[in-house]
Amino acid sequence: MQGIQIIGMGKALPARRVENEAFTQMVETSDEWIRSRTGIQSRYFCKEERQMDLCAEAARKALANAGVCPEEIGLCVVATITPDYHTPSSACMVQKLIGLPEDIPAFDINAACSGFVYGLEVVSCMLGSDALKRPYALLIGAEKLSRIMNLQDRSTCVLFGDGAAAAVIRPSDAHRFFCRLGSQGNAEALNAPGAGYPELYIHMDGRKVFQFAVHAMENGIRLLAKETGVSPDEVDQFICHQANERIIRHVQKKLKLPVERFFMNLDQYGNTSGASIPIAMAELMEKGQLKPGTKAFCLGFGGGLTWGAAYLEF
Ligand code: UT7
């Protein structure tokens with residue numbers, strides 16, 4: 001079966017960095033509570049930046065990193081729950097901003113924090129299609145969650161951040177790819193209302209999502225191991241959705257896997273939903289930790305409730 005290869009990545013963050021301390025002016029909370037319950041120390045919030053600007057910056061960097069020009073892109077997909085417009089999609093706006101060809105499909109995926117993993121599967125299927133006339137796909141995970149955050153709600157406002165990262169992907173027989181996705185309709189655990197609803201903000205039952213998350217991650221690792229024949233001991237990097245340090249540690253300890261194989265950067269960015277896995281991946285790439293031969297399990301979970309588990313070779 002044909003696999004895929006990520007040949008370049010880039011990330012983009014808004015200019016404004018917000019430390020935990022800033023929230024003590026808005027709600028009853030403390031730096032100590034936020035750090036100890038989540039691992040988060042700071043995050044970035046957009047000021048002037050639009051979500052599509054973050055997408056375009058990440059995409060330009062990924063193209064430069066891959067050595068690919070916009071004319072060679074045959075598919076543009078953005079995983080997001082916070083687009084600037086419901087229509088046009090962020091993918092269409094990126095197409096215009098960075099000058100992608102006009103005879104290619106461009107669309108958004110809404111699978112919340114699992115969005116980038118869903119995107120990998122969509123891209124891998126479409127790259128095998130005769131309908132794509134150009135060799136590469138651009139997959140972006142991007143969020144401007146500050147737009148839907150209630151700064152009076154301490155149970156959510158301290159958790160999320162804005163950011164984006166992009167990947168240039170090509171089909172490859174030499175790089176295996178395997179993915180499993182799931183979903184269960186559940187608006188009580190996590191929701192962000194659509195247009196026309198009086199309530200504007202994200203709502204989350206943290207404990208319910210926490211339980212779902214540890215279960216989804218553990219199952220995802222076991223499933224990938226069973227279906228790919230790659231044992232967790234052979235996996236170099238577990239690239240997990242960056243929601244909470246305690247979720248990642250819980251799974252790492254339960255499966256008795258080495259702590260250093262679970263990359264974490266949520267201390268700096270908070271939970272950036274659809275952007276969190278690609279930002280982590282872009283940083284691992286910057287650090288030279290996704291070199292040829294590296295085997296990675298990617299694990300996403302979040303609103304939907306959705307989950308996604310993917311095996312990637314670099
Ligand atoms: O990306 C989408 C997926 N999302 C997630 O994966 C999030 C998963 N959930 C979590 O990460 C955790 O459940 C949270 C970080 C959201 C909350 O941590 P927790 O340990 O589950 O805390 P809790 O919700 O059980 O709340 C404990 C206490 C409560 O007070 P009482 O009822 O014990 O008096 C909360 O009201 O902490 C209180 N609390 C806070 N206190 C200070 C909640 N938020 C805050 C806050 N500052 N910001």
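Predicted model: local features only at pLDDT ≥ 70, side-chain atom pairs only at ≥ 80, totals over all residues.
Residues are numbered from 1 along each chain as its sequence is written, and side-chain values use heavy atoms, with hydrogens and water left out.

Q: At what angle do helix α6 and helix α7 pack, and which word describes that arrangement?
A: Helices (H or I, at least four residues) are DSSP runs numbered from the N terminus, and here α6 covers residues 206-228 while α7 covers residues 245-254. Their axes, which are lines fitted to C-alpha atoms over the stretch in contact, with angles running from 0 to 180 degrees between N-to-C directions, lie 10 Å apart. Angles under 35 degrees count as roughly parallel, over 145 as roughly antiparallel, 65 to 115 as roughly perpendicular and the rest as oblique. The angle is about 40°, and α6 and α7 are therefore oblique to each other.

Q: Which residues of α7 meet α6, and how many residues of the contact are nonpolar?
A: Taking contact as heavy atoms within 4.5 Å, α6 contributes Phe210, Ala213, Val214, Met217, Glu218 and Ile221, which meet Arg246, Ile247, Ile248, His250, Val251 and Lys254 in α7. Ala, Val, Leu, Ile, Met, Phe, Trp, Tyr, Cys and Pro count as nonpolar, Asp, Glu, Lys and Arg as charged, and the others, Gly among them, as polar. By that division the contact of α6 with α7 has three charged residues, one polar and eight nonpolar.

Q: Which residue forms a salt bridge with Glu218, and how many residues apart in sequence are the parts that the pair ties together?
A: A salt bridge is a side-chain nitrogen of Lys or Arg within 4 Å of a carboxyl oxygen of Asp or Glu, and the side chains of Glu218 and Lys254 meet in one at 2.9 Å, N to O. Glu218 lies in helix α6 and Lys254 in helix α7, so the pair ties together parts that are 36 residues apart in sequence.

Q: Why are Glu57 and Lys61 separated by about one helical turn, and in which helix?
A: The two residues form a salt bridge, with their closest N and O atoms 2.9 Å apart. Glu57 is partly exposed at 32% relative accessible area, and Lys61 is partly exposed at 40%. The separation is about one helical turn because Glu57 and Lys61 are four residues apart in helix α2.

Q: Which residues are linked with Glu283 in a network of salt bridges?
A: Glu283 lies in helix α9, residues 276-286, and is buried, with a relative accessible area of 6%. Leaving aside neighbours within four places in sequence, Glu283 is in contact with Lys11, Phe263, Asn265 and Tyr269. The network of salt bridges links Glu283 with Lys11 and Glu286.

Technical notes: Helix = DSSP H or I, 4+ residues; strand = E, 2+ residues; numbered from the N terminus. Buried < 20%, exposed > 50% of the residue type's maximum accessible area, 1.4 Å probe, protein only.
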